[in-house]
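Please read it with the sequence and the model in view.

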Amino acid sequence: MNDDRDFMLTVNGTTVEIRGAAPGASLLSVLREHLGLTGAKGACEEGECGSCSVLVDDSLVCSCLVLAASAVHAHVTTIEGLTQSRDVQAAFVECGAVQCGFCTPGLIVAATDFLAQTSDPDPDDIREALAGNLCRCTGYGRIIEAVVSVARERRGAAT
Amino acid sequence: MPVYLPDTTEEVLSLLAAHPNAMLLAGGTDVMVGINHQHGLRQETSIIALRNVSELSRYTIDDTASTISLGASVTWTALEEAPFVERVRCLAEAARTVGSRQIRNAGTIGGNIATASPAGDGVCALVALDAQLMLSSATGSRQIALTDFVTGPKRTSRADNEVITSVEVPIVKGWQSYAKIGVRNAMVISIAGVAVVLNTEHRSVSIALGSVGPVIIRATEAETALAQQIDWERCSISADDLDDGARLAATAASPITDHRSTAAYRKHAVQVLTKRLVQRGLRDLAERGPS
Ligand SMILES: Cc1cc2nc3c(=O)[nH]c(=O)nc-3n(C[C@H](O)[C@H](O)[C@H](O)COP(=O)(O)OP(=O)(O)OC[C@H]3O[C@@H](n4cnc5c(N)ncnc54)[C@H](O)[C@@H]3O)c2cc1C
Ligand code: FES
Ligand code: FES
């Protein structure tokens, strides 16, 4: 048994103690309010917008839909610890895929996860893979371009 | 609020026996939406998280057996990628339409069934496939047809001390598919969903309709009519008989008008989807030739 107010979490490779979390607190709120990791954003808190995307045991999920106290044995990776996203971040900047930036961390986590599974995605694959991440500024075109360019660069580097 | 993280089904059952009011938590994609809306939980609620119960995430398929057994915690992503997808194609197709990658990585088939939404995509496919559920409690186990388990919108016959352990899905010879209408290609709760199974061995048709009634509906009259009118040798049907069958399917629907769509559009959608799926199925079967 585990108290849902005081428990341990492993985030970005470090195990930390959480004290006094609210009953039923989501992983998103604990990351932001207890650990100061504000990369994951909260908007809808119902799984619709993807701005809270993180990896839990290497699986892409919405942190607003994870009960924090149930993730004690899991490895959580947030945008702050996602070192393999450097080139994705750079491509977003270069392609102009960032405007207000609210959706960006979630999109980078989702895109990085997708690119780890697919080396040569076409724009339709990318749209489908990123369908769980909403952006109200860019119109998505430049986000798709950024992901295509990372895939191209990585393939180039691999050959 | 205690959160229990059992490792085995046995432990889940004894926890449920000791805390019959506890809430089961699988992927959390339905439960957490509710908790976030209420701004947390009452201090006394206990939660039994199934995350570490690895046996519930397994599936087994026995080549000689005629069913696939899916653990309740099998996720939509696992279903899409499973080696047996071709044999339960309509369920795999339903899985692919659920939410987004984030939702499919977390959401489970057991959670979809226990939520018992009339819009549940997995439930619709499983109703067409005549799936059976296995439930266990500390005092025993039972098997029940999915259609009997779901008693109303978001209502089931699950007792407080029971956990769904698996879904038994018959492997059908023939053709099957799932189609859904929504406002965009991803992340939508269906406006109408239709699952069609053409069973070439028994020369029967199953049609399940989602989002057009308080529960998932079987269009039994359309099933009987179409099964009679299909020329099973040639895998074909006359245009008139197909239209009649699709119309009967729409008659079985009893949709409402809500913020997602109107009753009239939903009925129309059922007719169009049924026709399209049966047509596609017969064409695919004819191309495949006698098996
Ligand atoms: C953004 C978003 C999009 C969605 N899109 C779709 C969609 O397109 N189609 C669709 O059908 N659904 C959709 N859903 C709903 C949801 O994702 C599914 O119903 C999912 O399958 C629920 O599974 P879960 O494991 O997350 O359930 P949880 O939220 O963990 O649990 C749901 C219910 O099932 C109970 N439960 C869980 N496991 C068991 C068990 N083994 N035995 C008994 N009871 C159990 C829980 O106590 C709870 O009552 C969506 C949800 C969100 C947030
Ligand atoms: S805040 Fe989690 S999906 Fe919107
Ligand atoms: S850049 Fe503003 S929401 Fe995407």
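This is a predicted model: local features need pLDDT of at least 70, side-chain atom pairs count only at pLDDT 80 or more; totals for chains, interfaces and linings use all residues.

1. Who forms the ligand site. The site of ligand 1 is shared between chains, because residues from both chain A and chain B surround the ligand. The shell around ligand 1 counts 35 residues, and the nearest of them are B:Leu24, B:Gly27, B:Thr29, B:Thr108 and B:Asp121.

2. Polar contacts and cover. A polar backbone atom of B:Val31 is 2.7 Å from an oxygen atom of the ligand. For B:Gly99, a backbone N or O atom lies 3.1 Å from a ligand oxygen, and for B:Val188 the corresponding distance is 3.3 Å. On its own, ligand 1 has 980 Å² of accessible area, of which the protein covers 91%.

3. Elements around the ligand. Four elements of chain B give two or more residues each to the shell of ligand 1: strand E2 (23-25), helix H2 (31-37), helix H6 (109-115) and strand E10 (163-170). The largest share, four residues, is that of H6(B).

4. The aromatic pair. Over all chains, the structure holds one aromatic pair. Its members are B:Tyr59 and B:Phe84, whose ring centres are 4.8 Å apart; the planes stand at 85 degrees, so the arrangement is edge-to-face, the cut-off for that class being over 60 degrees. B:Tyr59 belongs to strand E4 (residues 59-61) of chain B, whereas B:Phe84 sits in the loop between helix H3 (76-81) and helix H4 (89-97) of chain B; the pair therefore ties together parts that are 25 residues apart in sequence.

5. B:Tyr59, with a relative accessible area of 29%, is partly exposed. The limit for a buried residue is under 20%.

6. A covered strand. Strand E11 (residues 174-181) of chain B is mostly covered, as seven of its eight residues are buried. E11(B) pairs with strand E12 (residues 192-199) of chain B in the antiparallel sense, over eight bridges. Within this pairing, B:Ile181 stands opposite B:Ala192 of E12(B).

How values were computed. Residues are numbered from 1 along each chain as its sequence is written. Chains are lettered from A and ligands numbered from 1 in the order in which they are written. Side-chain values use heavy atoms; hydrogens and water are left out. Buried means under 20% relative accessible area, exposed over 50%, partly exposed in between (1.4 Å probe, protein chains only). Two strands pair if DSSP finds at least two bridges between them. A residue is near a molecule or strand if one of its heavy atoms lies within 4 Å of it. A polar contact is a pair of N or O atoms within 3.5 Å; within protein, one must be able to donate a hydrogen and the other to accept it, and residues adjacent in sequence count only if both atoms are side-chain atoms. Accessible areas come from the Shrake-Rupley method with a 1.4 Å probe; for residues, only the protein chains shown count as cover. Rings of Phe, Tyr and Trp (its six-membered ring) pair if their centres lie within 6.5 Å; planes under 30 degrees apart count as stacked, over 60 as edge-to-face and the rest as tilted.
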